Amino acid sequence: MLLACNMQRQARLVVELINLTVPGLARGRSYQPDAGDLVPAFAALISAEAAESLVADPDAGTALAKLAYSFQPVFTAADVRAAAGVINELLRRYQARPYLTEDVGQPFHLHFHGDVGGVETFGGEFASALALVVDTYGEMRFGVCEAAECDRVYVDLTRNGARRYCSDACSSRAKMTAYRARQARQ
């Protein structure tokens, strides 16, 4: 079963937002976000129209950070049941409501903006996308990177559900660390 393209994009966007916003470790290095960089960095990931209204909003940085922190518990949840509970609360909070839309150059597809405004319109989209990931795959498909010295989050949209790292770089680092450990034991 495939997740709709728009929902895949939204699921990946919430991951990007969290990873841009939350300080910690990223790919073996300390990561401290710059609040001034959040809006332009996130705007570069979304449509030109949405980016324009985002950049024009003087409170967008604060609102994006609040949104990121509200979604982070989905990725740190112990299991799919706990993640589903958080997602259900987010669906209520952001009043996600499905409707069909036809964007330029795209066939009709679902959007889930609620009655909330501003940056929070992303909340309905993100919550719905994550809910559809759970519905489509039926298992835990969210997590925190398992590489040493990395705490970035990921969503696993692969067929086999085997993803455990936030990026190819972390996967490679983890494999190299394991290889070196095996070599040192020999």
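**Before you start**

This is a predicted model, in which local features need pLDDT of at least 70 and side-chain atom pairs count only at pLDDT 80 or more, while totals for chains, interfaces and linings use all residues. Residues are numbered from 1 along each chain as its sequence is written, and side-chain values use heavy atoms, with hydrogens and water left out.

**Exercise 1. Find out which strand has the lowest confidence and which has the highest.**

Step 1. Begin with the score itself: pLDDT is the predictor's confidence in each residue, from 0 to 100.

Step 2. Take the chain as a whole. The average pLDDT is 90, and 96% of the residues score at least 70.

Step 3. Go to the elements, which are DSSP runs numbered from the N terminus: helices (H or I, at least four residues) and strands (E, at least two). Confidence is lowest in β4, with a mean of 78, and highest in β6, at 97.

Step 4. Keep a reading rule in mind: where pLDDT is low, the predicted coordinates should not be read in detail.

**Exercise 2. Describe the largest pocket: what is its volume, and which residues lie nearest its centre?**

Step 1. On a 1 Å grid over the protein atoms alone, a pocket is an open set of points where a 1.4 Å probe fits, with protein on both sides within 12 Å along at least five of seven lines; lining residues have an atom within 4 Å of a point. Grid points are joined across faces, edges and corners, and the volume is the space filled by probe spheres set on the points.

Step 2. Read off the volume: the largest pocket holds about 830 Å³.

Step 3. Look at the lining. It has 32 residues, and Gln10, Ser47, Asp103, His111 and His113 lie nearest the centre. Two or more lining residues come from each of α1 (5-21), α3 (48-56), β3 (99-101), β4 (109-111) and α6 (121-137). The biggest contribution, 6 residues, is from α1.

**Exercise 3. Work out which residues touch the most other members of the largest nonpolar core.**

Step 1. A nonpolar core is a set of buried Ala, Val, Leu, Ile, Met, Phe, Trp, Tyr and Cys residues joined through side-chain atoms within 4.5 Å. Buried means under 20% relative accessible area, exposed over 50%, and partly exposed in between (1.4 Å probe, protein chains only).

Step 2. The largest core has 42 residues, and Phe42, Leu54, Phe71, Phe75, Phe126, Leu130 and Phe142 touch the most other members. Elements giving two or more residues to this core include α2 (35-43), α4 (60-76) and α5 (80-93).

Step 3. Zoom in on Leu54. Beyond neighbours within four places in sequence, Leu54 is in contact (heavy atoms within 4.5 Å) with Val39, Phe42, Ala43, Ile46, Ala60, Leu64 and Val119.

**Exercise 4. Decide for Thr101, Arg27 and Tyr165: buried or partly exposed?**

Step 1. Thr101 sits in strand β3. Thr101 counts as buried because its relative accessibility is 19%.

Step 2. Arg27 is in the loop between β1 (24-26) and β2 (29-31). Its relative accessibility is 38%, so Arg27 counts as partly exposed. Arg27 also has a positive phi of about 55°, although it is not a glycine.

Step 3. Tyr165 lies in the loop between β6 and α7. At 23% relative accessibility, Tyr165 is partly exposed. Leaving out residues up to four places away in sequence, Tyr165 touches Cys145, Glu146, Ala147, Tyr154, Cys170, Ser171 and Ala174.
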